[in-house]
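Here are a few exercises to work through with the model open in your viewer. Try each task before you read its solution.

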Amino acid sequence: MSRVQRVILDVLKPHQPNVLDFARAIAAIGDDYRVDVRVIEVDENTETLQVEIEGSDIDFEAVNVAISENGASLHSIDVVSVASTTE
Amino acid sequence: MLSRWLAPLSSRKPITRSFIMVTLQQLKTLLAISHSEEIMRRYFVVNGFDGALAILGLMMGFYVSEQVELAVVITSCLATALALGMSGISSAYISEAAERRRALMKLEEAMVTSLDESHHARAAMLIPWLVALVNGMAPLIFALIIISPLWMARSGLVLPVDALPMAMGVAISIIFLLGAFLGRVGGTFWLWSGLRSIAVALLTVGLIYLIG
C-alpha cells in the first residue's frame with residue numbers, strides 16, 4: 001500500500017470561482033489537507049495556477065473531480081510524494 | 001489513471017444528470033460564480049415596478065371609466081398580471097439562456113476544453129430558469145397583492161374605503177417600497193428614492209385621469 005502525501009499540480013482555471021474559493025473547494029475534500037495556491041499567470045479569461053496539496057492520504061481522484069467541477073483543468077502533475085505503509 | 005482524467009467527452013455524464021443533482025450548497029456556488037444575485041435583484045425590482053405600475057394604470061383606467069363591475073376589474077387585473085408574469089418568464093429565459101450559452105462557449109474556447117462537468121455548465125442551464133422565474137414572479141406577486149382589496153370587497157368584506165382606491169393605494173405603497181429598496185441597494189437615501197418612485201406613479205395616474 002502507498003499513500004500520496006504531497007502533489008504539486010499545474011492547473012488552468014477560469015477567473016471564477018476565485019483562487020480562495022478554488023483552494024477551499026480542494027481543501028474541503030480531506031480532513032487534513034493543506035492547499036497552497038500560487039497564481040503563475042493571468043490572462044483575459046483564465047489563470048494558470050501552481051496548486052500544492054499536502055495531506056496524510058490525498059484522494060487524487062476526488063481532487064481531480066473538484067478541479068473539473070470548478071471549471072479548471074489539470075495540465076500536469078509536477079511533483080508527487082508517496083509514502084509506503086505496512087498495512 | 002491518466003486516461004480517466006482525459007476521458008473523451010462522449011463518456012462523460014450528460015449535463016442533465018448533473019443539473020438534477022444540484023444541491024443548495026451548489027446553488028450558492030452557481031449564484032456566486034455567475035454573479036446572478038445582482039441580476040436577479042435588478043430584475044425583481046424593475047419588473048416588479050413594471051407590474052405594479054401597469055396594474056395601477058389599469059385600475060386608474062377603470063376608476064375614471066366609472067360604473068365598472070368589480071368582477072370585470074378583478075378579471076382584467078388578473079389577466080394582465082398573468083400576461084406580465086408569462087412575458088417576464090419567457091423573455092428573461094430566452095435572453096439569459098442565450099447570454100449564458102455564449103459566455104460558456106467563450107470560456108470553453110479560452111480553456112480549450114469542455115466544461116460539461118463544471119459548475120459553469122450547470123450555471124448556464126440553471127441560472128436562466130432562476131432569473132426567468134424571478135423576472136416573471138415579481139410582477140405577478142405584486143399584482144396579486146395589489147388586487148387583494150378587490151377580492152376582499154367581492155367576498156363581502158367591509159373595507160374602510162372603496163376597494164378600487166384602496167387597491168390603488170396598495171399599488172402606490174408597493175411602488176414606494178420598491179423605490180426605497182432600490183435606494184438602499186444603490187446607497188442613496190431610501191426615502192428620496194421611494195418618493196421619486198411615487199412621483200412616477202402619480203404622474204402616470206395624473207396622465208390617465210387627463211385622458212379619461
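**Exercise 1.** How many helices and how many strands does chain B have?

*Solution.* This is a predicted model. Count the elements: chain B has nine helices and zero strands. Reading from the N terminus, that gives α-α-α-α-α-α-α-α-α. Next, look at burial, where 39% of the 212 residues in chain B are buried. Finally, take the contacts in chain B with a separation of 6 or more: 74% of them join residues 24 or more positions apart.

**Exercise 2.** Work out how α4(B) and α8(B) are arranged, and what meets where they touch.

*Solution.* Start with the axes. Helix α4 (residues 36-65) and helix α8 (residues 163-186) of chain B have axes that come within 9 Å and cross at roughly 155 degrees. Angles over 145 degrees count as roughly antiparallel, so α4(B) is roughly antiparallel to α8(B). Now the handedness: α4(B) passes α8(B) in a left-handed crossing. Then sort the contact by class, and you get 22 nonpolar, one polar and one charged residues. Residues from α4(B) include Arg41(B), Gly48(B) and Phe49(B), while those from α8(B) include Met168(B), Ile175(B) and Leu182(B).

**Exercise 3.** Is Glu52(A) buried or exposed, and which side chain does its own side chain make a polar contact with?

*Solution.* First place Glu52(A): it sits in strand β3 (residues 46-54) of chain A. Its relative accessible area is 18%, and buried means under 20%, so Glu52(A) is buried. The side chain of Glu52(A) makes its polar contact with the side chain of Arg6(A), at 2.8 Å. Leaving out residues up to four places away in sequence, Glu52(A) also touches Val7(A), Ile8(A), Arg34(A), Val35(A) and Asp36(A).

Conventions:
Residues numbered from 1 in each chain as written. Chains lettered and ligands numbered in written order. Predicted model: local features only at pLDDT ≥ 70, side-chain atom pairs only at ≥ 80, totals over all residues. Heavy atoms only, no water. Axes fitted to C-alpha atoms, helices over the stretch in contact; angles between N-to-C directions. Helix = DSSP H or I, 4+ residues; strand = E, 2+ residues; numbered from the N terminus. Parallel < 35°, antiparallel > 145°, perpendicular 65-115°, else oblique. Left-handed = near helix turned anticlockwise from the far one by under 90°. Contact = heavy atoms within 4.5 Å. Nonpolar A, V, L, I, M, F, W, Y, C, P; charged D, E, K, R; others polar. Buried < 20%, exposed > 50% of the residue type's maximum accessible area, 1.4 Å probe, protein only. Polar contact = N/O pair within 3.5 Å; in protein donor to acceptor, adjacent residues only side chain to side chain.
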